[in-house]
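Here are my notes on the model, as numbered points. Have the structure open while you go through them.

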Amino acid sequence: MLKQYETVFIATPVLSETQMKEAVAKYVSFIAENGGEVVYQEDWGLKQLAYPIQHKTSGFYYLIEFKSEPAFVATLETQFHRDERIIRFITVTLDKHAAAYAEKRRNNRQAKAAEAQQ
């Protein structure tokens with residue numbers, strides 16, 4: 001049975017925009033190749049870190065919401081560990097309430113984006 005997950009990772013701030021997009025594309029395709037389904041992704045941009053990590057004080061934050069088999073999460077996290085561009089990550093399981101909240105948040109963001117385009 002597929003469960004819904006949300007993973008946020010912080011990439012090193014020395015990446016160019018192109019390199020960041022390549023990193024994101026790598027993980028999105030990795031999820032799809034392993035039987036997962038990407039539900040939503042969001043770029044949070046460059047942000048200051050609360051404390052230095054690997055001598056860096058800022059990083060690119062990115063959120064990916066996906067559905068997959070529970071065993072796949074360990075594989076995904078192994079990939080994060082191996083990637084020198086990723087300085088931190090966290091993956092959480094969304095229960096039905098968190099999934100409903102995430103969907104509501106997505107819809108609000110999409111509505112605001114559509115409103116801004118008008």
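1. Glu-65 and Arg-106 are both buried, where buried stands for under 20% relative accessible area, exposed for over 50% and partly exposed for anything in between (1.4 Å probe, protein chains only). Their side chains meet in a salt bridge, N to O at 2.5 Å; the term asks for a side-chain nitrogen of Lys or Arg within 4 Å of a carboxyl oxygen of Asp or Glu. Since Glu-65 sits in strand 3 and Arg-106 in helix 3, the pair ties together parts 41 residues apart in sequence. Helices (H or I, at least four residues) and strands (E, at least two) are DSSP runs, numbered from the N terminus.

2. A word on the ground rules: this is a predicted model, local features need pLDDT of at least 70, side-chain atom pairs count only at pLDDT 80 or more, and totals for chains, interfaces and linings use all residues. Residues are numbered from 1 along each chain as its sequence is written, and side-chain values use heavy atoms, with hydrogens and water left out.

3. Back to Arg-106, which has a relative accessible area of 11% and is therefore buried. What does Arg-106 touch, leaving aside residues up to four places away in sequence? The list is Gln-4, Val-39, Tyr-40 and Glu-65, with contact taken as heavy atoms within 4.5 Å.

4. Helix 3 itself (residues 96-117) has 22 residues and reaches 32 Å from first C-alpha to last, close to the expected 32 Å; that expectation is 1.5 Å times one less than the number of residues. Its buried residues are Ala-99, Ala-102 and Arg-106. They span an arc of only 60 degrees around the axis, which is why they fall on the same side of helix 3; the arc is that of the directions from the helix axis to the C-beta atoms. As a reminder, an α-helix has 3.6 residues a turn, so residues three or four places apart point the same way.

5. Strand 1 (3-11), strand 2 (37-53) and strand 3 (56-68) are among what covers those buried residues of helix 3. On the face turned away from the buried side are the exposed residues His-97, Tyr-101, Lys-104, Lys-112 and Glu-115. Lys-104 counts as exposed because its relative accessibility is 55%.

6. Six salt bridges turn up in a search of the whole structure. One of them pairs Asp-83 with Lys-26, closest N and O atoms 3.6 Å apart. This one joins distant parts of the chain, with Asp-83 in the loop between helix 2 and strand 4 (86-93), Lys-26 in helix 1, and 57 residues separating them. Buried or exposed? Asp-83 is buried at 7% relative accessible area, while Lys-26 is partly exposed at 33%. A salt-bridge network links Lys-26, Asp-83 and Arg-85.

7. Glu-42 and Arg-109 also form a salt bridge, at 2.8 Å N to O. Here strand 2 supplies Glu-42 and helix 3 supplies Arg-109, 67 residues apart. Glu-42 is buried at 8%, and Arg-109 is partly exposed at 46%.

8. The largest nonpolar core has 19 residues, and Phe-9, Met-20, Ile-64, Phe-66 and Leu-76 have the most contacts inside it. Such a core is a set of buried Ala, Val, Leu, Ile, Met, Phe, Trp, Tyr and Cys residues joined through side-chain atoms within 4.5 Å. Strand 1, helix 1 (17-33), strand 3 and helix 2 (72-82) each give two or more residues to this core, and helix 1 has the largest share, with six. Apart from it lies another core of eight residues, including Leu-49, Tyr-61, Leu-63 and Ile-87.

9. Last, the aromatics. Rings of Phe, Tyr and Trp (its six-membered ring) pair if their centres lie within 6.5 Å; planes under 30 degrees apart are stacked, over 60 edge-to-face and the rest tilted. The count by this rule is eight aromatic pairs. Tyr-5 and Phe-66 have ring centres 5.6 Å apart and planes at 25 degrees, so they are stacked. Both Tyr-5 and Phe-66 are buried. Tyr-27 and Phe-80, at 4.6 Å and 40 degrees, are therefore tilted. Ring pairs also join Phe-9, Tyr-27, Tyr-62, Phe-80 and Phe-89 into a cluster.
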